[in-house]
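Reader: Hey, I've just opened this one and I'm new to it. Can we walk through a few spots together?

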Amino acid sequence: MEKFLSVNDVPNLDELVKSALEIKANPVAYSEVGKHKMLGLIFFNPSLRTRLSTQRAARHLGMDVMVMNIDKEGWKIETQDGVIMDGDKAEHLKDAAAVISQYCDIIGVRSFPNLNSKEEDYTDAVMKDFVKFSHSPIVSLESATRHPLQSLADLVTIRENSSKPKKKVVLTWAPHPRALPQAVPNSFAEWMNAADDVELVITAPEGYELDPEFAGDATFTTNQDEALKDADFVYAKNWSSTKEYGKVVCTDKSWEVTAEKMALTNDGKFMHCLPIRRNVVASDEVLDSDNSLIIAEANNRTFAAAAVLRAILEKDQ
């Protein structure tokens, strides 16, 4: 791979999943692949799992790692072209990206949407400018529209936990007190649609339909109970309204995933990317049950990241 921004950058999805599982079985099997290589992790926004799992993945491959939280440790970054920089932003992204790429063999970048303008957010300007101005491969640690490392870990988790030739996977909207980005559900839908062993159903209130670019041919319904029937996996996630972009227009608490909702499934496994608001998005009973995969899913973030880094490193060897 030359970069990793979405599932569209993956030449062979099954091989990438297989690589993640191989590394999980023997985490240091490829410890020479990244020897004397530097991974730079650039965070415009906070992170727990993404930061720690990607650092650990790099160490498994023998890489050194540098981490920078731009919002706390760097100059304020200008992202617009042609502006007169006489305000509080001291450095332009095009300069920063070019400089960082001189220090790092691979660069991971995490940025969030502003949730003010869909048109602006969906340009994914920060990620695209890093690709444009960097001389090193870029790995998305989440962008305004996608979270591919999370989605790869999700697919690894699903395949680990079911050998069925066709798995019914339900992506369900869930309540949340804040307006959240659409990156995780967008990406999850995109990756599930690309997997030949998944039948994807998306359920959400009216006004929360995902952009067709990501929803693809997945079945969509506003009837959560109907969607959950016979599901093998239930992936709960909040996202802000798509019709009234960036806003919370539904506060219906009945969308919370409860034990009663999970009883509608085919002994379904519960998934969530974390962090999760307990007893808002899903109940304690669901999260702490034997069918909850949330901790195993988080663990797979390391091996998903290692598989991606390995694929990029081996391309140049």
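Reader: Okay, what is the bridge partner of Ile42 in strand 5?
Author: In strand 5, Ile42 has Val109 as its bridge partner. Before we go on, this is a predicted model: local features need pLDDT of at least 70, side-chain atom pairs count only at pLDDT 80 or more, and totals for chains, interfaces and linings use all residues. Residues are numbered from 1 along each chain as its sequence is written, and side-chain values use heavy atoms, with hydrogens and water left out.

Reader: And what's the partner of Phe43 in strand 5?
Author: For Phe43 the bridge partner is Arg110. Strand 1 (residues 38-43) and strand 5 (residues 106-110) pair in the parallel sense over five bridges. Strands here are DSSP runs of E with at least two residues, helices are runs of H or I with at least four, and both are numbered from the N terminus. Two strands count as paired if DSSP finds at least two bridges between them.

Reader: How many bridges join strand 5 to strand 6?
Author: Three, and those two strands run parallel. One of the pairs there is Val109 with Ser140 of strand 6.

Reader: So what's the strand order in the open sheet?
Author: The four strands go 2-1-5-6, with parallel pairing. Strand 2 (64-69) and strand 6 (138-140) are the edges, each pairing on one side only.

Reader: Is strand 5 buried or exposed?
Author: Five of its five residues are buried, so strand 5 is largely enclosed by the rest of the structure. Buried means under 20% relative accessible area, exposed means over 50%, and partly exposed is in between (1.4 Å probe, protein chains only). Ile106, Gly108 and Arg110 point one way from the strand, while Ile107 and Val109 point the other way.

Reader: Switching topic: which residues of helix 1 are buried?
Author: Leu13, Leu16, Val17, Ser19, Ala20 and Ile23. Seen down the axis of helix 1, they fall within an arc of 155° (taken from the directions from the helix axis to the C-beta atoms), so they line one face of the helix.

Reader: What do they pack against?
Author: The buried residues of helix 1 pack against helix 7 (148-161), helix 8 (183-194) and helix 13 (294-315). Contact means heavy atoms within 4.5 Å.

Reader: Last one: where does Pro165 lie?
Author: In the loop between helix 7 and strand 7 (167-173). Pro165 is exposed, at 73% relative accessible area.
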